[in-house]
Amino acid sequence: MSDARKEDALVVEGLSVRYFTQKGEVKAVDNVSFTAGLSDYLGIVGESGSGKSTLGYALLNLVPPPGKIVSGKVIIRGKNILKLQEEELRKARGSLVAMVFQDPFTTLDPVRTIGDQIKEVMTEHGISEEEAKERIPSLLESVGLPARLAKSYPHQLSGGQRQRVSIAMAIALRPAVLVADEPTTALDVVVQRQIMDLIESVRKMGTTVILITHDIALAAQRVERIAVMYAGKIVEYGSKDVVLRNPAHPYTRALLNSVPGLRVSKWPEPIPGFPPNLINPPPGCRFHPRCRHAMDVCKKEEPPVVEVGPNHYAACWLLSRR
Ligand code: ATP
Ligand code: SF4
């Protein structure tokens with residue numbers, strides 16, 4: 001969704017990811033396209049299982065087995081991340097695109113000091129040992145940590161401090177794009193706010209931030225643009241203000257109506273049923289079994305993406321037939 005612009009930092013085109021399981025192929029991300037500009041702050045929101053994390057991993061060409069990217073392009077600063085050879089890809093991770101995870105323990109080595117681990121990120125990308133050592137104190141300070149923590153081990157830090165360290169590692173090489181996958185879910189409310197402020201400051205330094213979250217209220221406070229995912233597809237994309245005030249897709253409306261402070265209709269409109277099994281998703285519009293506006297065409301044909309306003313897109317037959 002959205003037209004590629006010259007200043008785009010990230011261009012995703014026709015991206016599809018499958019998990020090849022014994023039960024069948026899980027169509028976790030299906031023909032997803034979007035762009036994000038320099039310093040953009042894009043939120044990818046949707047229910048659990050909609051494919052958000054898989055999309056995040058795919059932006060780094062890091063989908064774990066049995067997952068596989070089966071088609072599409074992920075272009076960052078003109079390079080298609082999905083076409084890079086192993087060595088080039090290793091360099092691109094960190095310098096072009098980096099990721100912050102929900103649980104920093106998954107990225108931190110428990111038996112090595114924080115300083116050693118940050119240093120390695122830099123030396124692996126061609127920065128000399130000396131220079132890396134010199135940069136560590138200011139890098140730690142830039143994420144709100146005292147330089148002396150370089151000598152600490154991950155278990156000696158609080159959850160919030162560990163997340164700051166993983167952000168320091170992610171931004172050590174000033175990547176063009178930072179993917180933050182539920183970065184504050186495991187943290188208390190005060191620390192959550194601090195980490196979100198830190199991510200905001202990273203964006204202000206010129207990095208494009210992709211925030212993946214099931215918490216649409218959090219996205220509403222923070223991001224500039226929103227992509228709404230349902231069953232492996234982006235069903236709506238646009239500026240936050242427009243999508244929140246004037247959602248075009250019935251799923252977005254239903255999602256907003258489930259959050260008290262964001263409700264767009266007078267009455268709560270709970271979403272009936274459950275998200276579909278992505279091994280065998282419903283034909284036509286994947287939302288049709290849960291949509292109270294579903295028409296015959298919705299059950300048979302996939303709705304096309306329609307531009308419903310300036311840089312505001314949605315995929316729903318109600319919009320194509322206006
Ligand atoms: P959550 O917020 O719960 O993490 P999500 O929106 O990030 O959900 P994904 O985790 O990307 O969604 O999952 C998308 C689909 O892919 C789901 O149907 C999920 O069951 C499936 N899936 C994810 N990881 C695997 C895996 N390793 N093997 C098989 N299927 C997987
Ligand atoms: Fe509902 Fe049809 Fe629109 Fe899908 S395409 S959201 S089923 S009206």
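This is a predicted model: local features need pLDDT of at least 70, side-chain atom pairs count only at pLDDT 80 or more; totals for chains, interfaces and linings use all residues.
Residues are numbered from 1 along each chain as its sequence is written, while chains are lettered from A and ligands numbered from 1 in the order in which they are written. Local features need pLDDT of at least 70 and side-chain atom pairs count only at pLDDT 80 or more, whereas totals for chains, interfaces and linings use all residues, and side-chain values use heavy atoms, with hydrogens and water left out.

By the salt-bridge rule, the count comes to 18. A further pair is formed by the side chains of K119 and E129, which meet at 3.1 Å, N to O. Because K119 lies in helix α3 (residues 114-123) and E129 in helix α4 (residues 129-142), this pair ties together parts that are 10 residues apart in sequence. K119 is buried, with a relative accessible area of 15%, whereas E129, with a relative accessible area of 40%, is partly exposed.

In the salt bridge between K204 and E200, the closest N and O atoms are 3.9 Å apart. Both residues belong to helix α6, where K204 and E200 are 4 residues apart, about one turn of the helix. K204 counts as exposed at 62% relative accessibility, while E200, at 14%, counts as buried. Salt bridges that share partners also join R18, E25, D30, K233, R286 and E302 into one network.

Strand β7 (residues 177-181) is mostly covered, 5 of its 5 residues being buried. From β7, V177, V179 and D181 point one way and L178 and A180 the other way, and all are buried. Strand β6 (residues 97-100) runs parallel to β7 and is joined to it by 4 bridges, two strands being paired if DSSP finds at least two bridges between them; within this pairing, M99 stands opposite V179. Strand β8 (residues 208-213) likewise runs parallel to β7, with 5 bridges joining the two strands, and V209 in β8 stands opposite L178. From β7 the chain crosses through helix α6 (residues 189-204) to β8 in a right-handed β-α-β crossover, the term meaning that, with the strands pointing away from the viewer, the path from the first strand over the helix to the second runs clockwise.

L319 is located in helix α11 (residues 317-320) and, with a relative accessible area of 11%, is buried. When residues up to four places away in sequence are not counted, L319 touches A248, V306, V308 and A314, contact meaning heavy atoms within 4.5 Å. The C-alpha atoms of L319 and V305 are separated by 9.0 Å, the two residues lying 14 residues apart along the chain.

Notes: Buried means under 20% relative accessible area, exposed over 50%, partly exposed in between (1.4 Å probe, protein chains only). A salt bridge is a side-chain nitrogen of Lys or Arg within 4 Å of a carboxyl oxygen of Asp or Glu.
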